[in-house]
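Open the structure in your viewer and keep the selection tool ready. Follow the stops in order.

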Amino acid sequence: MFKKIASAINAAKERKRKEKAAIEKKARLEELRKEYLRYEFPKSIGVSLSEFECIYRCRMCPQYSDEYRNILNSRKIMDFETFKVIVEQIPDEEGISVEISSMNETLMCKDLEKYISYFKERRPKPMVVIATNGRLLTEERAKSLINSGLDVLSFSLDAGSKESYKWLCGSDDYELVCENLLRVVEIRNSLKLDKPKVQTHIIGIKELSHEFGPFVEKWSKIVDFANVRNYGNWGGLVDDNGITPMDKAPEKRYPCAWLWCASKILSNGNVVKCFIHPYSNGGILGNIKEKSLKEIWKGEKVAALRKLHENGEYSKAELCQDCNVWSLFPDIWSDDGGEK
Ligand code: SF4
Ligand code: SF4
């Protein structure tokens, strides 16, 4: 008798536990959908200040190939007036992040700090991020970036040793860039500032996997955030560069959340689907000097791309067929949000 009662109590407890887990799972999925399905305005906006040949030639970047570099052989730089137009089109809201970068090394743009300061004066709430390989981050540059109002400095150290840095980026400057990273953190700390937050990463590819642990352990003690960055293959543009992703993309493909949450603006004001589309105009969605970013975001071209993904017609969208970046976003489409 007692056994029966105990077993009924246990069954009821188990039922409650399962119900609670299902409710929590549903809430997590709803949060994810709220985060990634941004029909009104993207949550993440990339602004490319320039497109031309980089000082580096990294294997995980389209700049590795001569073909791509030849396409970028004429210098394209965003003028300040174009940047001002962009700034006016971005709402002053928390929860939006703006990555000011370049399709080369970001610090090659000498006026970068002027652009960042202008943005933060006009729009204090969105988070401004820059990504740099840090090679040109001198003491003077570190101070001016800290003073610019920058929120996050994403320092692409990319590798965990001199040897792998040489293999990955073709440069002998690993020790120098490590010193540059240490120095910018020291300067910020000596000024008793908590901004910019400084983060760094190692690229998540098999060839570097033996360095993941020591890298994260070392740099976590120095910067605000250090991790292994999931490797994206740039729509297949870097597949021939001798690097191996850690994991295969899942067999069951789902729509790429990029199309619902992120946007990219090039130096001439063109808004592009995701990456810089060097080979054709197929990925150009509009120009912010003719239409606002919001209008472009809610326009027919973006809607048509989303439809292709919803219908599984990935090969009809430029670069999407061979891309693995969709798998780096959560599967917000299935009922379990991709959770096992
Ligand atoms: S530094 Fe950046 S832009 Fe330049 S080649 Fe390397 S990854 Fe590409
Ligand atoms: S899957 Fe398509 S939309 Fe998504 S990042 Fe790759 S190329 Fe861009």
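This is a predicted model: local features need pLDDT of at least 70, side-chain atom pairs count only at pLDDT 80 or more; totals for chains, interfaces and linings use all residues.

Residues are numbered from 1 along each chain as its sequence is written, while chains are lettered from A and ligands numbered from 1 in the order in which they are written.

**Stop one.** Select ligand 1. Around ligand 1 are Cys54, Tyr56, Arg57, Cys58, Cys61, Gln63, Asn104, Glu105, Asn133 and Cys169 (C-beta atom, placed from the backbone, within 6 Å of the ligand). This shell has 5 nonpolar, 3 polar and 2 charged residues. Ala, Val, Leu, Ile, Met, Phe, Trp, Tyr, Cys and Pro count as nonpolar, Asp, Glu, Lys and Arg as charged, and the others, Gly among them, as polar.

**Stop two.** Select ligand 2. The residues around ligand 2 include Cys256, Cys274, Cys320 and Cys323. The shell of ligand 2 splits into 10 nonpolar, 1 polar and 1 charged.

**Stop three.** Select helix H7, residues 174–190 (helices are DSSP runs of H or I, at least four residues, numbered from the N terminus). Which residues of H7 are buried? They are Tyr174, Val177, Asn180, Leu181, Val184 and Arg188 (buried: 20 or more other C-beta atoms within 10 Å of its own; exposed: 12 or fewer; C-beta atoms are placed from the backbone). Look down the axis of H7: the buried residues fall within an arc of 125 degrees, so they line one face (the arc is that of the directions from the helix axis to the C-beta atoms). On the other side, Glu175, Asn189 and Ser190 are exposed.

Key: Helices (H or I, at least four residues) and strands (E, at least two) are DSSP runs, numbered from the N terminus. The expected span of a helix is 1.5 Å times one less than its number of residues.
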